[in-house]
Amino acid sequence: MKSVVHLVLIAFAVMLTSCKVEPPEFEEIVIDDAAPDHVWMKAIGDINNDGRDDLLVGGWQSGGLVAYLAPDWKRHGIVDTVRVSTDGEVYDMNNDGVSDIVAVVQRAIVWFEGPDWKIHRIDSVTAHDVEVDDFDGDGALEVVARNQGAFGSQGGHTLFIYDRDETGSWKKFTREIPDGEGLKKADINGDGKMDLVVNAHWYENTGDLSAWVEHSFSDTWTWPNTHIDVADINGDGRADILHSPAELVKNVYRVSWFEAPSDPKTIWKEHVIADSVEAVVHSIGAADFDEDGRMDVVVAEMQQGADPDEVIIYYNRGDNRWDKQVVSTGGCHSMQILDADGDGDLDFFGANFAENKVRMWINKKRHSEP
């Protein structure tokens with residue numbers, strides 16, 4: 001009987017091995033090696049309303065705001081008169097059927113009105129992260145922003161919430177939060193309203209822009225400066241949270257995901273994806289790159305960290321088992337995930353924040369299938 005059981009176990013192990021999904025290859029493509037100087041902002045969105053996501057980058061030192069239009073990534077200048085900071089979103093802000101761009105620029109949050117890209121000031125504050133949604137359910141879009149704690153002159157301890165009235169003016173609400181960096185919108189409690197996630201906390205959307213309810217989801221994560229994503233990592237239908245340590249050089253922390261419990265208002269279990277990483281991982285995103293039904297995680301180290309500056313995909317093998325694939329050793333900052341070549345699998349693009357080279361990584365999975 002023991003030998004039969006042994007043979008069954010061996011057969012089962014062989015079957016699992018044979019069913020293992022091999023990671024796809026990625027082709028690195030340089031979209032522009034003379035992009036705006038110090039490419040801080042990276043975003044995606046359909047700015048010419050042709051049904052395909054375009055790439056947007058903004059230069060902090062010079063070069064302004066630039067789009068690369070799908071599918072051939074032809075460069076299209078939007079504005080060259082502003083210094084563009086670290087975040088932006090593409091939305092139809094005035095409901096005219098044309099895409100607009102909300103962006104963080106030097107000492108201000110603005111939106112550029114398409115198609116002529118007239119600039120509108122939302123507020124004169126310094127910010128690092130921005131999110132856009134109809135948070136209060138009134139049919140109009142609101143803007144939420146946060147500065148960073150590590151370098152920001154105003155600190156990262158305040159959420160700025162902006163509601164626009166029928167005259168086009170913006171009313172500001174504020175919410176004090178733990179100091180730090182990182183902001184992500186997501187429906188954490190499944191009530192259909194977009195909540196907000198910061199470092200180790202989430203803020204419940206009550207429908208009242210002046211009344212966000214704070215919940216701490218971790219008592220183990222203490223690093224304040226994070227890059228954040230939200231995705232169902234374990235396939236249980238709940239929104240899990242991912243954190244990476246975005247700042248500071250020569251410090252060491254970890255990359256983790258936090259498992260959503262049935263009651264998201266309680267403490268979530270932390271699962272470590274990668275331990276003892278330098279705190280320069282200013283990119284984290286979840287997507288099923290190998291199309292095995294599980295969400296994988298892509299991260300990247302910025303160039304000021306110790307070499308090599310790795311761009312890494314951690315393939316989710318279930319039960320918190322991860323296979324590491326180094327896609328590049330050139331590093332990156334604030335990468336964005338999209339289906340760049342329209343073949344149905346997921347690619348990503350980005351640039352290091354102190355460079356002027358925009359790169360894309362093309363997933364070759366569909367290309368290699370028979």
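1. Tryptophan 221 and tyrosine 253 are both buried (buried is under 20% relative accessible area, exposed over 50%, partly exposed in between, with a 1.4 Å probe and protein chains only). Bear in mind that this is a predicted model, where local features need pLDDT of at least 70, side-chain atom pairs count only at pLDDT 80 or more, and totals for chains, interfaces and linings use all residues. Residues are numbered from 1 along each chain as its sequence is written, and side-chain values use heavy atoms, leaving out hydrogens and water.

2. On to the aromatics: there are 11 aromatic pairs, counting rings of Phe, Tyr and Trp (its six-membered ring) with centres within 6.5 Å; planes under 30 degrees apart are stacked, over 60 edge-to-face and the rest tilted. Phenylalanine 135 and tryptophan 212 have ring centres 5.9 Å apart and planes at 70°, so they pair edge-to-face. Phenylalanine 135 is buried at 1% relative accessibility, and tryptophan 212 is buried at 4%.

3. Back to the opening pair: the rings of tryptophan 221 and tyrosine 253 sit with centres 4.8 Å apart and planes at 90°, so this pair is edge-to-face.

4. Is phenylalanine 151 buried or exposed? Phenylalanine 151 is exposed, with a relative accessible area of 52%. Not counting residues up to four places away in sequence, phenylalanine 151 touches Glu247 and Leu248 (contact means heavy atoms within 4.5 Å).
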